[in-house]
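Student: Here is a structure I would like to go through with you. Please take me through it one question at a time.

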Amino acid sequence: MLSNIAFYGAIETGLIYGLVAFGIYISFRVLDFPDLTVDGSFPLGAAVAAVLIIDGVNPWLATGAAVIAGMGAGAVTALLNVKLNILNLLASILTMIALYSVNLRIMGRPNIALLTEETVLTPWYNLDLEFHQVPVLLFTLVVLAGLVLLWRFMKSETGLAMRATGANPRMARAQGIATGAMIVLGVALSNGLVGLAGALFAQSQGAADVTMGVGVIVIGLASLIGGEAVLTPSSVVRALTACVIGAIIYRLAIALALNADFLGLQAQDLNLITAVLVTLAIVLPGVRSSVVARLTRNKA
Amino acid sequence: MITATDLTLTFGKGTPLENPALRGMSLTVNQGEFVTVIGSNGAGKSTFLNALAGEVMVDSGKIIVDNQDVTKLPTYKRAGSVARVFQDPLAGTCEGLTIEENLSLAIKRGQRRGLSAAVKGRYLEQFRTSLASLNLGLENRLGDKMGLLSGGQRQAVSLLMASLTPSAILLLDEHTAALDPKTASFVLALTTQIIEQQKLTALMVTHSMKQALEVGDRTVMLHQGQVVFDIAGKDREGLEVKDLLELFEKQRGLEITDDSLLLG
C-alpha cells in the first residue's frame, strides 16, 4: 500500500514530530501551560540552523544554536506570562506572531536551500544503508537520547518540582518551589526541543522555509493525544514513549490516507485529515470505555 | 517563634466590594506553643494564615519568623520555615504523583533542588516508618498514585509531609473541616500526636469552639480582623464553650449569631 520511500519518509518525519510532541508534553501536560509558541520556534530552529550551516558552521553546532534559540523563544513566552501576568495562551500567541518577523530577519529571505550543504546527515550516508534509511537511523538515536534524558530529568528533584508546579501550584509553592522559575525553565525546555526538531527537519528536507511552522502545534498535539490513546500514559516513561509512537502513527496514517487512491485524497487535504484524526483520537478512548462499561454492566 | 505586628489587609480596595479582612492583627506565637484559632466566618482566620504563609501580602504591618522579617517574601521563600496543611484534603498533595514522590517533594521543602534522583533509596526507610505510624497500611503502597487514596488518608499524608522537615511554625487551616466526623477525629488525634512528639510550634484554625478548647495549649479568638481574646494556661483549663461565649460577649458587647461556631 505504501512504497518503501513513503514508509521511511513517514517514520522520519514521525521521529522529528516525536521531538515536537516531547515539547508539547512538557508544556501541555507537565506544566498545564497551553503553549502555541511552537508554531514559531519550529521555523526559528530551522532558520538558525540553516543560516549557520550556509555560513559554514559545523551542522551539529548549528543545531545546538537552534536549540538555544528555541529555548530563548520559550523563555520569552513564559516571562510574558509569569512576570507581566499575560494569559499563557495569549503570551504564546504574541511570541509566535513576533517570531514570524524574527525568522524572516534571521534568514533574510523567505527560504534557504540546504540541498548542497553539509548537514548532520551527511557523514551517515557513507554507511552501508539505503538512502532513505539514513535519516531514520540518526533520528531514532536522537529521539532515544531525548527520551532517556527527559525521563531522567522528570525523575530528578527539579523535574519533580516542575511536575508539582503544573499539577498543584499552591502545594508546590508551599513546598518552597519557585513556580514562576519552573514555568520559565519548562517552557524554555519545551521550545528548545521544538527548535531541535525544526533544525533537523530543515536538514532532512533540504530547506528552511518561514512558513514551515504553520500547524506544527496541531500535529504535535495530534501526536501527543494519539499516542496517549494507544498507550495509557500512567508513568513518565510511558507518556514519553506515547509521544513518539503517536507521532509515527500519525505520519503513517497521513501517508496511508494520501496514498490510498480509492479515497481520492490529495496533499491539500492534509489539514482536514489532521483535524479528523485529532477528533478521533480525542473521542475514541471515551467511546471505548463507555462500550466496556456497557458490556460489564450487562454481565453483572 | 513567630511574631505578627499590626497587620492590615483590605481586599478589593477602592471597589464597592471593599472588604477589610485584617484590621491591626497582632499575635506572637512562642517556640513549642500549640495555638488554636477560632472566629466566625469573615473574622480573618484564613486570611491571617495566608498572610503568614505568604499567599497574600499584607498592606501594612510586620511578620517576623525566627528573627527574620518575611513580610515581603513570596510563599516559596518562606516555605523553609513555614509548613502548611490546607483545608481541602486534595490541596496538600499531588494526585498524579506517587506517595513516595509526594513525600520526596516535602522532604526538600525550602531547600535547593538539583538534578539528582528525587526519590532516593535512603529516604524510603524513613518514609515507611513515618507512614507505618499512621496505621493505614500506606507503608506498603509507596509506589501508588496519591489519587488512589481517600480524602482522610491524603490529609494524614499531608500532615506527615508538613512534619518531615523542621519548621518554625506549622499552619493548619481547618484541616479536619472537610472530612467525615470519624476521619476528622482520627486526623485531629494524629495532629496532636505529631505536634507533641516533635515539639512543633503550631497554629490551628478551627471552626469548632469545642475542638479549639480540647487541643492545644492556648486559644485565640478573632473577630473582624483583630484578636478579641487570647487565653492560655490556668485561665483556659476547664473552660467550656459557653464560657467562651460569655467571654466574647463581655469583651465585645456582642452576641454570637454564627450557629456553626456553637454547634461545631
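Student: In chain B, what percentage of the contacts with a separation of 6 or more is accounted for by residues 24 or more positions apart?
Tutor: First, a word on what we have: this is a predicted model, where local features need pLDDT of at least 70, side-chain atom pairs count only at pLDDT 80 or more, and totals for chains, interfaces and linings use all residues. Residues are numbered from 1 along each chain as its sequence is written, and chains are lettered from A and ligands numbered from 1 in the order in which they are written. Two residues are in contact if their C-beta atoms, placed from the backbone, lie within 7 Å. Among contacts in chain B with a separation of 6 or more, the share from residues 24 or more positions apart is 69%.

Student: And in chain A, what percentage of the contacts between residues at least 6 apart in sequence joins residues at least 24 apart?
Tutor: Here we take chain A and its contacts between residues at least 6 apart in sequence. Those that join residues at least 24 apart come to 78%.

Student: What is the radius of gyration of chain B?
Tutor: Chain B has ten helices and ten strands; helices (H or I, at least four residues) and strands (E, at least two) are DSSP runs, numbered from the N terminus. The radius of gyration is taken over C-alpha atoms, and the globule rule is 2.2 Å times the number of residues to the power 0.38. For 264 residues that rule gives 18 Å, and chain B comes close to it, so the chain is as compact as a globular protein of that length, with a radius of gyration of 19 Å.

Student: How does chain A run, and what is its radius of gyration?
Tutor: With eleven helices and two strands, chain A reads α-α-α-α-β-α-α-α-α-β-α-α-α from the N terminus on. The globule rule gives 19 Å for its 300 residues, and the value for chain A is close to that, so chain A is as compact as a globular protein of that length, at 20 Å.

Student: What percentage of the residues in chain A is buried?
Tutor: A residue is buried if 20 or more other C-beta atoms lie within 10 Å of its own, exposed if 12 or fewer, and partly exposed in between, with C-beta atoms placed from the backbone. In chain B, buried residues make up 43% of the 264 residues. In chain A, with 300 residues, the buried part is 51%.

Student: How many of the eleven residues of α6(A) are buried?
Tutor: Among the buried ones are Glu157(A), Leu160(A) and Arg163(A). The buried residues of α6(A) pack against α1 (4–30), α5 (134–154), α7 (169–174) and α8 of chain A together with α3 of chain B. The helix is largely enclosed by the rest of the structure, because its buried residues number ten.

Student: At what angle do α6 and α8 of chain A pack?
Tutor: Axes are lines fitted to C-alpha atoms, for helices over the stretch in contact, and angles run from 0 to 180 degrees between N-to-C directions. Angles under 35 degrees count as roughly parallel, over 145 as roughly antiparallel, 65 to 115 as roughly perpendicular and the rest as oblique, and α6(A) and α8(A) are therefore roughly perpendicular to each other. Ala161(A), Met162(A) and Thr165(A) of α6(A) make the contact, with residues including Met182(A) and Ile183(A) on α8(A). The axes of residues 157–167 and 179–205 lie 9 Å apart, and the angle is about 105°.

Student: Which residue lies 8.0 Å from Gly198(A), C-alpha to C-alpha, yet 132 residues apart in sequence?
Tutor: Gly198(A) lies in helix α8 of chain A and is buried, with 36 other C-beta atoms within 10 Å. Leaving out residues up to four places away in sequence, Gly198(A) touches several residues, including Ser41(A), Phe42(A) and Pro43(A). The residue at 8.0 Å is Ala66(A).

Student: Which element gives the most to the side of chain B that touches chain A?
Tutor: 25 residues of chain B are in contact with 19 residues of chain A. On the chain B side, α2 (75–78) and α3 (99–107) give two or more residues. With four residues, the element that gives the most is α3(B).

Student: How far apart are the end C-alpha atoms of residues 134–153 of chain A?
Tutor: An unreviewed UniProt entry places the feature "transmembrane region" at several spans of chain A, among them 134–153 and 239–258; positions are in the numbering used here, feature names are shortened, and annotations may be inferred rather than shown by experiment. The span 239–258 is 100% helix and 0% strand, with its end C-alpha atoms 28 Å apart. Residues 134–153 are 100% helix and 0% strand, and their end C-alpha atoms are separated by 29 Å.
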